[in-house]
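Let's take a walk through this structure together. Have the sequence and the 3D view open, and we'll go one topic at a time.

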Amino acid sequence: QVQLVESGGGLVQPGGSLRLSCRASGSIFSIDNMGWYRQAPGKQGEAVASITSLGNTAYADSVKGRFTISRDNTKNTVDLQMNILKPEETAVYYCRISAQVSRGGRYEYYGGQGTQVTVSS
């Protein structure tokens, strides 16, 4: 079983910063991609950023230059540094990983429970 726990959400003023963290634990043999997604009320979910096991990153156009994703392969963690936050980025942010639970097994996706980010004055 794979568990993901996100942390770091909260209330921040427009223009402020937050750093989200996600730790994966359990029966993990290997992790491929790690990423962050967000879901705002009444809106479609959006992929925010992702990072491969080799460190290659991808970002949604709306966050490029403001958000930075990073990972620590020794700790099975992925972080999202969010700067210059906007009110419309208020959402629940979810961590998602692609992982193997055994050598030669399939890579499957696992997601966390999410952490609320509220950008408001």
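## The disulfide

The torsion about the S-S bond of C22 and C95 is about -75 degrees, so this disulfide is left-handed. C22 sits in strand β3 (residues 18-26) and C95 in strand β9 (residues 91-100), so the pair ties together parts that are 73 residues apart in sequence. The two sulfurs are 2.2 Å apart, and the rule used here (a pair of cysteine sulfur atoms within 2.5 Å) gives a count of one disulfide.

Both ends are tucked away: C22 is buried, at 1% relative accessible area, and C95 is buried, also at 1%. Buried here means under 20% relative accessible area, exposed means over 50%, and partly exposed is in between (1.4 Å probe, protein chains only).

## What you're looking at

This is a predicted model, in which local features need pLDDT of at least 70 and side-chain atom pairs count only at pLDDT 80 or more, while totals for chains, interfaces and linings use all residues. Residues are numbered from 1 along each chain as its sequence is written, and side-chain values use heavy atoms, with hydrogens and water left out.

## The overall build

The protein chain has zero helices and 11 strands; these are DSSP runs numbered from the N terminus (helices are H or I, at least four residues; strands are E, at least two). The radius of gyration of the protein chain is 14 Å, close to the 14 Å that the globule rule gives for 121 residues, so the chain is as compact as a globular protein of that length. That radius is taken over C-alpha atoms, and the globule rule is 2.2 Å times the number of residues to the power 0.38.

Along its principal axes, the C-alpha trace spans about 50 × 25 × 25 Å. Buried residues make up 37% of the 121 residues. Of the contacts (heavy atoms within 4.5 Å) with a separation of 6 or more, 56% are between residues 24 or more positions apart.

## A buried charge: E6

What does E6 do without a salt bridge? E6 is buried, and the nearest side chain of opposite charge, R96, is 10 Å away. (Lys and Arg count as positive and Asp and Glu as negative; His and the chain ends are not counted.) E6 belongs to strand β1 (residues 2-7).

Polar atoms of the E6 side chain lie 3.1 Å from the backbone nitrogen of Q113 and 2.9 Å from the backbone nitrogen of G114.

## The salt bridges

Side chains of opposite charge can pair when their charged atoms come close. Taking a salt bridge as a side-chain nitrogen of Lys or Arg within 4 Å of a carboxyl oxygen of Asp or Glu, the whole structure has five. One joins D61 to K64, with the closest N and O atoms 3.0 Å apart; D61 is exposed, at 65% relative accessible area.

R38 pairs with E46 at 2.8 Å and with E89 at 3.3 Å, N to O. The E89 pair links distant parts of the chain: E89 is in the loop between β8 (77-82) and β9, while R38 is in strand β4 (residues 30-39), 51 residues apart. R38 is buried at 9%, E89 is buried at 3%, and E46 is partly exposed at 27%. R38, E46, R66 and E89 are linked in a network of salt bridges.

Key:
A polar contact is a pair of N or O atoms within 3.5 Å; within protein, one must be able to donate a hydrogen and the other to accept it, and residues adjacent in sequence count only if both atoms are side-chain atoms.
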